[in-house]
Amino acid sequence: SAQGTARPSIPATRWRDIAAAGDWTGRLAFAAAVAVGLAVPLVWVAAQFYAPIDHDTGAILYFSDRWWAGERLYVDLIDVNPPLVFRLGLVPVLLRQWTGLAEPTSLIGCVMVASVLSTFAAWRLLAWRSSRIAHGQSGTLTATLVPLALLFALLTPGELGQREHLMVVLTVPYVVLTALRLEGYRVALPIAILIALAAAAGFALKPFFLIVPALIELFVLWV
């Protein structure tokens with residue numbers, strides 16, 4: 001650099017590059033890392049099907065069940081939470097009626113599916129960014145391993161199904177999209193609307209959660 005010569009760029013590592021590589025030990029190590037990254041959170045979640053859920057989460061399910069049975073929210077059922085969390089609690093209640101699964105089991109399954117979808121959305125956004133940077137070479141190693149770490153974080157909290165946990169699960173794609181916006185990228189409007197709706201549901205679970213998007217958007221405007 002002192003002589004003014006440009007440093008060569010490092011090509012992005014792709015899934016098909018790794019699959020086509022002759023070094024089988026490198027491929028085996030990469031496959032093992034991905035397998036562990038998927039197995040650890042999934043095994044932990046599977047164990048949650050046999051453990052009691054958090055008492056706050058159980059109270060929300062109990063209120064949602066009684067609300068669906070005909071009792072009036074904030075009249076027969078006294079609580080300080082906004083109604084959105086009880087509306088979300090109706091999903092496992094209805095699944096119990098349709099499938100016979102216990103409500104805690106249905107709740108854990110719903111949280112697991114939402115976490116996987118949130119991770120998939122973040123992965124697609126990161127892969128799309130990598131493809132723009134690498135001029136068409138998509139699926140970089142970073143865009144693959146970062147969502148695996150994200151999935152581990154979403155599926156291994158101390159209080160699965162709590163409103164704070166649900167807020168994080170629903171708003172992760174919004175945070176990733178905000179990072180892309182700060183770099184000048186723009187995604188298709190339907191995708192942005194879906195991500196915004198999910199984030200709106202997450203931030204609306206508690207009134208003071210709205211401080212988070214307010215600060216994020218103020219930062220975006222400032223930048």
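Where is the place of Tyr 74? Tyr 74 sits in the loop between H3 and H4, and its phi is near 70°, a positive value in a residue other than glycine. Before going on, a word on the source: this is a predicted model, where local features need pLDDT of at least 70, side-chain atom pairs count only at pLDDT 80 or more, and totals for chains, interfaces and linings use all residues. Residues are numbered from 1 along each chain as its sequence is written, and side-chain values use heavy atoms, with hydrogens and water left out.

**Overall make-up**

The protein has nine helices and zero strands, so the pattern along the sequence reads α-α-α-α-α-α-α-α-α (helices are DSSP runs of H or I with at least four residues, strands are runs of E with at least two, numbered from the N terminus). Out of 223 residues, 34% count as buried. Here buried means under 20% relative accessible area, exposed means over 50%, and partly exposed is in between, with a 1.4 Å probe and protein chains only.

| Residue | Relative accessible area | Class |
|---|---|---|
| Leu 73 | 12% | buried |
| Tyr 74 | 37% | partly exposed |
| Leu 125 | 6% | buried |

Two C-alpha to C-alpha distances are handy here. Leu 73 and Phe 63 are 8.3 Å apart in space and 10 residues apart in sequence.

H7 has 20 residues and reaches 28 Å from first C-alpha to last, close to the 28 Å expected at 1.5 Å a residue (the expected span is 1.5 Å times one less than the number of residues). Still, H7 bends by about 45° at Thr 171, and a proline, Pro 173, follows within four residues. The bend is the angle between axes fitted to the seven residues ending at a residue and the seven starting there. After H7 comes Gly 184, with a positive phi near 95°.

H8 (residues 189–203) has 15 residues and reaches 21 Å, close to the 21 Å expected at 1.5 Å a residue. Its buried residues are Ile 195, Ala 199, Gly 202 and Phe 203. Seen down the axis of H8, these fall within an arc of 85°, so they line one face of the helix (the arc is taken over the directions from the helix axis to the C-beta atoms). On the face turned away from the buried side you'll find the exposed residues Leu 189, Pro 190, Leu 194 and Leu 197.

**The largest pocket**

The largest pocket has a volume of about 460 Å³. A pocket here is an open set of points on a 1 Å grid over the protein atoms alone, where a 1.4 Å probe fits, with protein on both sides within 12 Å along at least five of seven lines; lining residues have an atom within 4 Å of a point. Volume is the space filled by probe spheres set on the points, which are joined across faces, edges and corners. The lining has 17 residues, of which Ala 121, Pro 173, Ile 191, Leu 194 and Ile 195 lie nearest the centre. H5 gives the most, with seven residues.
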